[in-house]
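Grab a pencil and work through these exercises with the structure open beside you. Try each task before you read its solution.

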Amino acid sequence: MVTRYSNNSVFLAAVICIILFYSGLIKLKDRNSFASTIKPNEICCLKGQLISSPAKTSDGKYYSSKLKVHGCKSDVMSSSAFGNVKVMIPSEIAEAFYPGKLYSRAGAFFEAGGLYTINGFFNSDSSKFYITECTQSSFPETVYGSLDYFRALCRLQFKRLMYSWGAGGGLLLALLCGAKEYTSSEVSLSFKNAGLSHILALSGMHLSMFSGIALFFGNKIGRKKLSFIIRIITLICFVWFAGISPSLLRAFLCSFFMIIASLANVDKPDLLLILAFTFLCQTIISPADIYNTGFILSYSALAGILLTNKFFRSFYNKFFPGYLANSLGSSTGAQIFTAPVSLYLFKTFAPVGIIATAVVSPVVTVFIYSGLILIVLCLLFPVLAAYSGIFINLEYNVIKFLTGIFSKAFIWSIN
C-alpha cells in the first residue's frame with residue numbers, strides 16, 4: 001500500500017497537510033472571523049444573513065446557526081462589521097413556526113438565507129452570540145433570496161408532514177434533512193451509545209442512497225451523459241435542501257468526483273486518491289472545517305474502510321456470508337480508525353458499533369427508502385398520510401429496539 005502511493009503527488013500532499021495541520025505546526029486561520037470597530041462585549045445588536053439552517057443543541061435549550069454579519073450596534077454607536085458569528089437562538093424563539101410548537105414565544109422564521117436584526121450578547125470568549133430578541137426578519141428580494149425562501153417553506157412543510165407521523169417521522173426527519181428537533185433524546189442517546197452516531201449525521205450513506213435512486217432512473221433513460229446529469233442534479237438538490245455541513249460536503253465532493261471519473265470512462269477509480277483529493281479541495285474551500293469533529297470523523301471512517309476493508313473482509317468471509325462479511329469488514333475498519341479520535345474528543349468509544357452498524361444500517365436503509373416512497377404517495381394522495389404514519393412507526397420501533405439493545409453493551413471510557 002505504501003509503495004503504491006509513495007510517488008503519488010495527490011496522496012503525498014494530503015498526508016503532508018494532515019501532518020502539518022493536526023500537529024499544530026501550521027494553524028489555519030478562519031478567513032471569515034468576525035471583525036468590528038466595536039468591542040464584542042459592548043455589542044448588543046447584530047445585523048446579517050443566516051448562512052446555515054439552525055440545528056438544535058444537545059441540551060435542547062438553543063438552536064445554533066451561523067450569521068454572516070453586515071453590521072452591529074452598541075448602546076451608544078453603530079458600526080460596520082464583517083465575518084461570521086455563531087449565534088445561539090433560544091428554542092422558544094426558533095420553534096415559533098414549527099408544528100406542535102405554535103404556542104411558544106413569538107419569534108421569527110429562522111432559516112438559512114434570511115436577513116435578521118437580532119439583539120443579544122456575546123459570551124465571555126466572544127465565540128457565540130446569544131439572541132434575546134429578533135426585531136426584524138425577511139428574505140432578500142432577489143433570485144437567490146426567493147430560492148432560499150422557497151427552501152425554507154419546503155423544509156417547514158416537510159417538518160409538518162413528519163410531525164404528523166409521530167416518533168417515526170421525527171427520526172426520518174433527522175435522517176433526511178438533519179433536523180433533530182423531533183427525535184427523542186432517548187433514541188439519540190441509544191444511537192450514540194451503540195456507536196451509531198454516524199447514521200444520524202448526514203454523510204455518504206445518505207448521498208449514496210439518493211445517487212442510487214437517480215442512477216436507477218437514469219439508466220431507464222438509456223443515455224449515459226443524461227444519467228450522470230440526473231445524478232449530479234439529485235445530489236445538489238439533496239445538499240441544498242438538507243443544508244451543507246463538513247461531513248456532507250465531504251460526501252458530496254467524493255460523490256461528484258466519482259461521477260466525473262465514471263463519465264470519463266474510468267472503470268475502477270482509486271477511491272483513496274479521490275478521498276485525498278477531496279480532502280485537499282475541502283481544505284481550500286472551507287479551511288475552518290478541518291477542526292470540525294464531523295469532518296475528522298468522516299474522513300477517518302472512510303480512510304479506515306478503504307485501507308482495511310480488503311483484509312477484514314477476507315477474515316470475515318471465513319465465518320459469514322458475503323454481504324455480512326463485507327458489512328462487518330467496512331464497519332471494523334471505520335471503527336478502528338475513528339476510535340482514537342472518539343477517545344480523544346469524547347473520552348468514550350463503543351466497540352459494539354462494529355456489529356451494530358452491520359445490523360442496524362440495512363434496517364435504516366429500508367426505513368429511509370420506504371419513507372421516501374410514502375412521502376411521494378402522501379403528496380399525491382394526502383388521505384394516505386395517517387396510514388403511512390402507522391407503517392413508519394412500525395419500522396421505527398424495530399430500529400429503536402435494536403439500538404436499545406446495542407446501547408447497553410460495554411463502552412470504553414477514559415478520564
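**Exercise 1. Does Leu 402 count as buried or exposed?**

Before you start, a word on the model: it is predicted, so local features need pLDDT of at least 70 and side-chain atom pairs count only at pLDDT 80 or more, while totals for chains, interfaces and linings use all residues. Residues are numbered from 1 along each chain as its sequence is written, and side-chain values use heavy atoms, with hydrogens and water left out.

Step 1: get the cut-offs. Buried means under 20% relative accessible area, exposed means over 50%, and partly exposed is in between (1.4 Å probe, protein chains only).

Step 2: apply them. Leu 402 has 17% relative accessibility, so Leu 402 counts as buried.

Step 3: find out where you are. Leu 402 sits in helix H15, which covers residues 385-407. Helices here are DSSP runs of H or I with at least four residues, strands are runs of E with at least two, and both are numbered from the N terminus.

Step 4: Setting aside neighbours within four places in sequence, Leu 402 is in contact with Val 359, Val 360 and Val 363. Contact means heavy atoms within 4.5 Å.

**Exercise 2. Which residues does Ala 356 touch, not counting those up to four places away in sequence?**

Step 1: locate Ala 356. You'll find Ala 356 in helix H14, residues 353-380.

Step 2: check the cover. The relative accessible area of Ala 356 is 0%, so Ala 356 is buried.

Step 3: list the contacts. Ala 356 touches Ala 194, Leu 196, Ser 361 and Phe 406.

Step 4: compare sequence with space. Phe 406 is 50 residues away from Ala 356 in sequence, yet their C-alpha atoms are 6.4 Å apart. Leu 402 and Ala 356 are 46 residues apart in sequence, with 8.3 Å from C-alpha to C-alpha.

**Exercise 3. Which strands does S2 pair with?**

Step 1: know the rule. Two strands pair if DSSP finds at least two bridges between them.

Step 2: take one side. S2 (residues 45-50) and S4 (residues 62-73) run antiparallel and are joined by six bridges. Leu 46 has Cys 72 as its bridge partner in S4, and Gln 49 stands opposite Lys 68.

Step 3: take the other partner. S2 also runs antiparallel to S7 (residues 115-122), with five bridges. Here Gly 48 is partnered by Tyr 116.

Step 4: check the cover. Five of the six residues in S2 are buried.

**Exercise 4. Follow S4 to its other partners.**

Step 1: start with S3 (residues 55-56). S3 and S4 pair in the antiparallel sense over two bridges, and Lys 56 stands opposite Tyr 63. The two strands form a hairpin with five residues between them, and Gly 60 in the turn has a positive phi of about 80 degrees.

Step 2: go on to S5 (residues 78-82). Three bridges join S4 to S5, antiparallel, and Cys 72 stands opposite Ser 79. A hairpin through four residues links S4 to S5.

Step 3: finish with S6 (residues 84-90). Seven bridges join S4 to S6, again antiparallel; Tyr 62 has Pro 90 as its partner.

**Exercise 5. What is phi of Ser 126 near, and where is this residue found?**

Step 1: find the loop. Ser 126 lies between S7 and S8 (128-138).

Step 2: read the angle. Phi of Ser 126 is near 60 degrees, a positive value in a residue other than glycine. Most residues other than glycine have a negative phi.

Step 3: S7 and S8 form a hairpin with five residues between them and pair in the antiparallel sense over eight bridges. In that pair, Gly 120 is partnered by Ile 131.

Step 4: check the cover. At 32% relative accessibility, Ser 126 counts as partly exposed.

**Exercise 6. How does the radius of gyration of the protein agree with that of a compact globule?**

Step 1: use the rule. The radius is taken over C-alpha atoms, and the globule rule is 2.2 Å times the number of residues to the power 0.38.

Step 2: compare. For 415 residues, a compact globule would come near 22 Å, and the protein has 22 Å, so the two agree.

Step 3: zoom out. The protein has 15 helices and 10 strands, and buried residues make up 46% of its 415 residues.
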